[in-house]
Number of protein chains: 2
Amino acid sequence: MGKEFLNLMEPEEVKNILNSLVGDKTVEKVGLKKSLGRVLAENIYSSMDLPPFDRAAMDGYAVIAQNTFGASEDEKKVLKIIDVVRAGDYPRKNVENGACIEVGTGAPAPPQADAVVMVEYTEKSGDKILIYQGVAPGENIAKMGSDIKKDHLLLRKATVLTPDKIGVLSAMGMNEVPVYSKPEVGIISTGNEIVTPGEVLPRGKIYDVNSQTVASAVLACGCTPANVQIVKDDYQSLKKSIDSLIDSDIIITSGGTSAGAGDVLRDVVEDMGEVLVHGIAMKPGKPTLIGLIKGKILIGLPGYPVAALLVLEALVVPFLRQNLGLAFEEENHDTKKLKISRRFHTSRGRTQHLLVRIENGSAIPILKDSGAITALAEADGYIEIPKNIEIIEKHALVDVKLFRQGFTLF
Amino acid sequence: MGKEFLNLMEPEEVKNILNSLVGDKTVEKVGLKKSLGRVLAENIYSSMDLPPFDRAAMDGYAVIAQNTFGASEDEKKVLKIIDVVRAGDYPRKNVENGACIEVGTGAPAPPQADAVVMVEYTEKSGDKILIYQGVAPGENIAKMGSDIKKDHLLLRKATVLTPDKIGVLSAMGMNEVPVYSKPEVGIISTGNEIVTPGEVLPRGKIYDVNSQTVASAVLACGCTPANVQIVKDDYQSLKKSIDSLIDSDIIITSGGTSAGAGDVLRDVVEDMGEVLVHGIAMKPGKPTLIGLIKGKILIGLPGYPVAALLVLEALVVPFLRQNLGLAFEEENHDTKKLKISRRFHTSRGRTQHLLVRIENGSAIPILKDSGAITALAEADGYIEIPKNIEIIEKHALVDVKLFRQGFTLF
């Protein structure tokens, strides 16, 4: 009882340790339709020239440009229409002097045509067109390979596949994509007092908040919550639970980390493996534990929901994203720069994460304890306050990190 | 051939029309585990007091505060430990004068106890404790209902369920959540020249880019791409395809909207229903069409991938999000304020959406045509330029709207 946190570790040092623990990534192929939000595991090179052929960029008439030189309202040039090529067709005839071929946007340019006269600058008369305005060679034709040549780099490894990038892969005709596998995260909520939502609540107990908060945050950052367990706060139960989840890539627990009575996580991790961090100079989140068991990382969050969430957002989500193949520097939050609504005295000496709600364009600090569920209900995000700041003045600009709404998963 | 866009509609007017077309929302219940990213369809009121009982906020000893008054290093107060209550237990005994009950954080406070002395300020000696520092009544006890009382508003309708809000629902013991149903979106790519990725590419053809770009954007904004079809650019094929998707909530097509040869969407929509918008004062995206067929909204995007994507982001995604129960004003993008890398001459008279890539903290305009796939490959987002701006000076600050990485879906 009463273990003290004699040496609190700085958050930056903890980040460096987490950084060094990022595992080898495995690669899998997923269908293009399932690739949204996934992270490319390889550079993608173009498999063909784009456009794959000389292509009309406008509706109009494919011509030999020289045949149109000098055309004007007063001196229209006349060309004979010898064929029509629509998008998806393939040209059957060559364009010759004095002739033209009607083309639709996207149609292959017929051989010998070196420009397209837009339909707007022409007038049709039987099987002929009258041209009001000349075109220069190359005009309104997108040359084969002008967008990209075969074997050129299109997308870099570690690109997140947003709709636009999925469009790029489509253009290459890919229907399977190499992406990094999602880390599987085992989740444990500890506490004799917690009960699964949906069950009857006996007196003296409360509903478990952290399981689904952690599972959702894991989902929202693109990983897979593999298994969720609620476990009693005793040595044997916790050890058994960790053992059963040891095939996960990462284990996240909550509760059982304080230096007080009935807190057993540290003992279990020490016996099963190695405690790397216990005690971080962060408020809330001081009792956070990081351990290594049989090569797997275990992160022990505090039990209070606000503390668990803020450690998750500030330390764990960036680490999970890194295990997905993204850089640690990757900005993990939408951020809004807002004025703070009131003067705020910080907990100097520790990096502080403060929940805020946003109202009328101001960030309003939520001054409730780490066990307050209403703090979660009201919060829109949080601000990070460096340890050397003592006071934030009213109306000072702060960066509010908004809670992540989600990340596509299938 | 050669229909002109005589009356281009302003984007603001188009938004108002879309606004008026938002359908009635249906509500469904989903399991808490499947609720990430969904939109609450009802106000959520607390179903119980929180905490549900007076609760120890620290590890220590539950006491009658008066028994500790005046305690100091020199004059320790002595109390007899008559029981132990851990989190999850229920108290069996009352605290009486001269007695105390050992409690763990989260344990119900025993009857008659009005404070908890932290373990750090005590010393154990057999079945007694010595107290160094007194506590005030109420200290270290979270009173029943002090966080929230039963029947108070916890979360408002239309809240997006982020991990923290899922924590709040967990605390209430909810395992099912009322959310708005996701709109189902039918998707059609038109063009005789387009081929599904993964198939062999015949000469004169190109791979279909828009189907998966649109489907991914629909997924990424929280809706369901219900059916994806590639259709020839002729009246009967397009009509048949729209007919087959008429049970979707919304239909999005791409291609077939220009005022040129072989473009048939307008004719089909006019015959099947009503064209509400055709021609928007926007670059790219001028030929965008909005129609109403049997009460269903059809949005016709341009065929060029860059144009399709930008209209999707600027007009369609906000409309889809509105159909999910969110306000139109809802900011739909992560935005970064960056300096533009070069002087840029706009297309004055039309609202312009310009793809940019981000490099060394600058926004670099991507000056390629709307058919360029490499423009999509390079882009990190886009900027919106109002129609009355003629020139953006080098190093001017611009708001870059980043492409949405995703929205959780199951």
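**Reading a helix, a sheet and a contact**

Guide: Let us begin with a helix. This is a predicted model, and the face of α5(B) turned away from its buried side carries the exposed residues B:E270 and B:D271.

Visitor: Which residues of helix α5 of chain B are buried?

Guide: Within α5, which spans residues 265–272 of chain B, the buried residues are B:L265, B:V268 and B:V269. Viewed down the axis of α5(B), the buried residues fall within an arc of 95°, so they line one face of the helix.

Visitor: What covers the buried residues of α5(B)?

Guide: The cover includes helix α4 (235–244) and the strands β17 (250–254), β18 (274–278), β20 (289–293) and β21 (296–301), which belong to chain B.

Visitor: Let us turn to sheets. In what order do the six strands of the open sheet in chain A lie?

Guide: A sheet is read strand by strand. In chain A the order is β7-β4-β6-β5-β9-β8, with mixed pairing. The edge strands, each pairing on one side only, are β7 (115–118) and β8 (122–125) of chain A. From one strand to the next, the twist averages 40°.

Visitor: How many bridges join β4 to β6 in chain A?

Guide: Three bridges join β4 (residues 60–63) to β6 (residues 99–103) of chain A, and these two strands run antiparallel. In this pairing, A:G60 stands opposite A:V103 of β6(A).

Visitor: Where does A:M58 lie, and why does A:M58 count as partly exposed?

Guide: A:M58 belongs to the loop between β3 (55–56) and β4 of chain A. Burial requires 20 or more C-beta neighbours within 10 Å; A:M58 counts as partly exposed because it has 19 inside 10 Å. Beyond its neighbours within four places in sequence, A:M58 is in contact with A:T105, A:V116, A:M118 and A:N140.

Visitor: How many residues does each chain bring to the contact between chains A and B?

Guide: Chain B brings 80 residues and chain A brings 80 residues. Among the elements of chain B that each supply at least two residues to the side touching chain A are α2 (163–171), α3 (210–220) and α6 (305–323). By class, that side of chain B has 42 nonpolar, 26 polar and 12 charged residues.

Visitor: What distance separates the centres of domain 2 and domain 4 of chain A?

Guide: Taken over C-alpha atoms, the centres of these two domains of chain A are separated by 39 Å. Domain 2 comprises 28–50 + 152–180, and domain 4 comprises 335–402.

Notes:
Residues are numbered from 1 along each chain as its sequence is written. Chains are lettered from A and ligands numbered from 1 in the order in which they are written. This is a predicted model: local features need pLDDT of at least 70, side-chain atom pairs count only at pLDDT 80 or more; totals for chains, interfaces and linings use all residues. A residue is buried if 20 or more other C-beta atoms lie within 10 Å of its own, exposed if 12 or fewer, and partly exposed in between; C-beta atoms are placed from the backbone. Helices (H or I, at least four residues) and strands (E, at least two) are DSSP runs, numbered from the N terminus. The arc is that of the directions from the helix axis to the C-beta atoms. Two residues are in contact if their C-beta atoms, placed from the backbone, lie within 7 Å. Two strands pair if DSSP finds at least two bridges between them. Axes are lines fitted to C-alpha atoms, for helices over the stretch in contact, and angles run from 0 to 180 degrees between N-to-C directions. Ala, Val, Leu, Ile, Met, Phe, Trp, Tyr, Cys and Pro count as nonpolar, Asp, Glu, Lys and Arg as charged, and the others, Gly among them, as polar. Domain bounds come from an automatic or database domain assignment.
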